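Good morning, and thank you for making time for this presentation. I shall go through one structure, from the overall form of a chain to a few local details.

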Amino acid sequence: MDENIILSVSGLSKHYKYYKTLFDIRKNVIKAVDGVSFDVFKNEIFAVVGETGCGKSTLSKLILGLTEKTSGEIYFKGEPLDYSNKKKDFRKKIQILFQDPYSSLNPKKKIYKIISYPAVKNGIIKSRHKDRMDFAAEQLKNVGLSENIASNYPHMLSGGQRQRVGIARCLSVQPELLILDEPVSALDVSISAQILNLLMDLQKRNGMSYIFITHDLKLVRHLADRVCVMYGGKIMEIAKTEDFFNAPVHSYSKTLIESMTSMSFTRPNL
Amino acid sequence: MSLEINNLTVELCADKHNDNCINVADSLFLTVDEGEVVSIVGESGSGKSFFGLSILRLNPPRISKITSGEIKIKCKSQDKEIDILKLKPEELMGVRGRLVSMIFQDPNTSLNPVMKIGEQITEAIIAHKKVSKKEAKDTAVSYLNSMNIDGKSRFGSYPYELSGGMRQRVMIAMAMVLEPCFLIADEPTTALDVTTSLQVLKLIEDIREKSNIGVIFITHDLTVARSVSDRTYVFYAGQVMESGNTEDLINNPAHPYTVSLIKSVPSLSSDYVPKQRLFTIPGFLTKDDFSKGKCRFYSRCFKKGEECLRDIPLSSFTDGGKSVRDVRCVKVKNL
């Protein structure tokens, strides 16, 4: 086993079965993820691209154990990923940052509670008010927010601030692998630049690996080390970012890049 | 055929007693000609959607009011010019949807979930035209077909049976079915992914070419604005910061806000160096930015100085006697 591989996925599938009508005899199968294999290395940003419905989100759910896999194996640092194994603390080591900061924070909980909950749950700190406040203040400082907002509610914050709270929450248990599910698609251009800078800084500082799920190739080009293109539940191409943009091999990758460059502008030097 | 907005000012108040008000649209001038796509670019909270709603007087009546200005439209089907702001409520119904139509941002919430899509389209036709149900249905089917949706089989579908891109195309069919002469598209691609948003943009382009209507395209994405529009207005805090020819504006931005917006987007061009820190605009848009007596972008500007602490007028730059660019910045002396 290669020491540098943090996550190894082989032959992973997720099939959903359903009846077309109430009296259907045979079940129909949707192959949301179909025989997917890849490795993610340490300190790497691994981008997963594809259009809506290609299985990107199902893949992230499978890695997080939020849905049962149909077949295939996932290894985390060479050990089979099994969330029911309490000794290994996989929950602590793999975290996710959600797409929409407006719906991923509980509107009834104060910010310090939201941030410190994973740490309390994992036994990092005690569930005392002062401990939680101190912990949250430190985490907020990490992501460039003032500790004064610790006792605010999510609705009092702007979109960019909320996404920072989301980042603080998933970093609070010091994960080794972070899944970013379209982290900036709900944010404005100016704010998304701030969040991307922060994510890049944090990765350098803490030495994490990212699985970066997105449909925006500009961000892939900017951030990722390697790119994986998905279509209809299958992987079409895995390549180094540079090679992918200079010489895409698969015809679907070519269409994807063409449709992006036809819209994108060559930035003037300012 | 033209749409002309002069000196439009809209006030938004925190409560119904009309105190604590801000100008969400502050003396706006905008023109759209026949067959022209004009885009409005700005970040959330800059008042661009509110402006779109105000054109049809759809702004919430209890908390906001249009204090001054005129919105003149001239249509082929109408023999004289109409000022929307002077119309009575019942006359307004003849304008909304009929002369000026609107596509809303989120197709998932703007269609009625318990009504078949075909019925929703025919409802619009019957409300405005004296036609039989049969004729209305035929029109609806043909418009669905022109949006690349199989009209016959999809007529009886409910919105939940369609994908996001299809729903947005239904919305466009609904907006176009009365053959308006102007279309306001309020972020029609924001809720969609790359490939489907490209299809929708192409559809809007086709409509413009085929029926030669004027389009106001509201977006927060300069890339989208560049691919659809002829001219662009950059909005910030209810004011036009810069306006001009889209290609020209993106290649040679003058206002610091436009410059910042363009610099904060990573690019796909071949000489772009990845993994460097992105340029950011510090802070975020707040209510204080709407106050008078200073440039509205003052608190976040990288070029700010003492001369910015007064109301800044929109100054025109000309090239050979023709106005090519309007910029609201005292620091910009020439292009």
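I begin with a definition: a residue is called buried if 20 or more other C-beta atoms lie within 10 Å of its own, and exposed if there are 12 or fewer. By that rule, buried residues make up 43% of the 335 residues in chain B. Please keep in mind that what you see is a predicted model.

Let me stay with chain B as a whole. Its fold contains 11 helices and 12 strands. The C-alpha atoms of chain B occupy a box of roughly 65 × 50 × 45 Å along the principal axes. How does the radius of gyration of chain B agree with that of a compact globule of 335 residues, and what are the two values? The globule would have a radius near 20 Å, and chain B has 21 Å, so the two agree. As for the contacts in chain B with a separation of 6 or more, 63% of them join residues 24 or more positions apart.

Chain B is divided into two parts: domain 1, made of 2-99 + 180-282, and domain 2, covering 111-178. Their C-alpha centres are 26 Å apart. Where the domains of chain B meet, domain 1 supplies 12 residues and domain 2 supplies 11 residues. On the domain 1 side, helix 8 of chain B provides the largest share, with 5 residues. That side of domain 1 has 8 nonpolar, 3 polar and 1 charged residues.

I turn now to the contact between the chains. Here 31 residues of chain B are in contact with 28 residues of chain A. Which elements of chain B give two or more residues to this side? They are helix 8 (194-211), helix 9 (222-228), helix 10 (246-251) and helix 11 (256-263) of chain B. Helix 11 of chain B gives the most, namely 5 residues. Sorted by class, the side of chain B that touches chain A has 14 nonpolar, 12 polar and 5 charged residues. Is helix 1 of chain B, residues 48-55, largely enclosed or largely open? Of its 8 residues, 6 are buried, so helix 1 is largely enclosed by the rest of the structure. The buried residues are B:Lys48, B:Ser49, B:Phe51, B:Gly52, B:Ser54 and B:Ile55. Just after this helix, B:Arg57 adopts a positive phi of about 55 degrees.

Helix 3 (residues 111-121) and helix 4 (residues 129-142) of chain A pack with their axes 9 Å apart, at an angle of about 100 degrees. That angle makes helix 3 of chain A roughly perpendicular to helix 4 of chain A. Helix 3 contributes residues including A:Ile111, A:Ile115 and A:Ala119 to this contact, while helix 4 contributes residues including A:Met133, A:Phe135 and A:Ala136. The residues of this contact divide into 8 nonpolar, 2 polar and 2 charged.

My last stop is A:Phe23, in the loop between strand 1 (5-18) and strand 2 (28-41) of chain A. Is A:Phe23 buried or exposed? It has 6 C-beta neighbours inside 10 Å, and therefore counts as exposed. The C-alpha atoms of A:Phe23 and A:Val184 are separated by 44 Å, and these residues are 161 residues apart along the chain.

Definitions and conventions:
Residues are numbered from 1 along each chain as its sequence is written. Chains are lettered from A and ligands numbered from 1 in the order in which they are written. This is a predicted model: local features need pLDDT of at least 70, side-chain atom pairs count only at pLDDT 80 or more; totals for chains, interfaces and linings use all residues. Two residues are in contact if their C-beta atoms, placed from the backbone, lie within 7 Å. Helices (H or I, at least four residues) and strands (E, at least two) are DSSP runs, numbered from the N terminus. Ala, Val, Leu, Ile, Met, Phe, Trp, Tyr, Cys and Pro count as nonpolar, Asp, Glu, Lys and Arg as charged, and the others, Gly among them, as polar. Domain bounds come from an automatic or database domain assignment. The radius of gyration is taken over C-alpha atoms; the globule rule is 2.2 Å times the number of residues to the power 0.38. Axes are lines fitted to C-alpha atoms, for helices over the stretch in contact, and angles run from 0 to 180 degrees between N-to-C directions. Angles under 35 degrees count as roughly parallel, over 145 as roughly antiparallel, 65 to 115 as roughly perpendicular and the rest as oblique.
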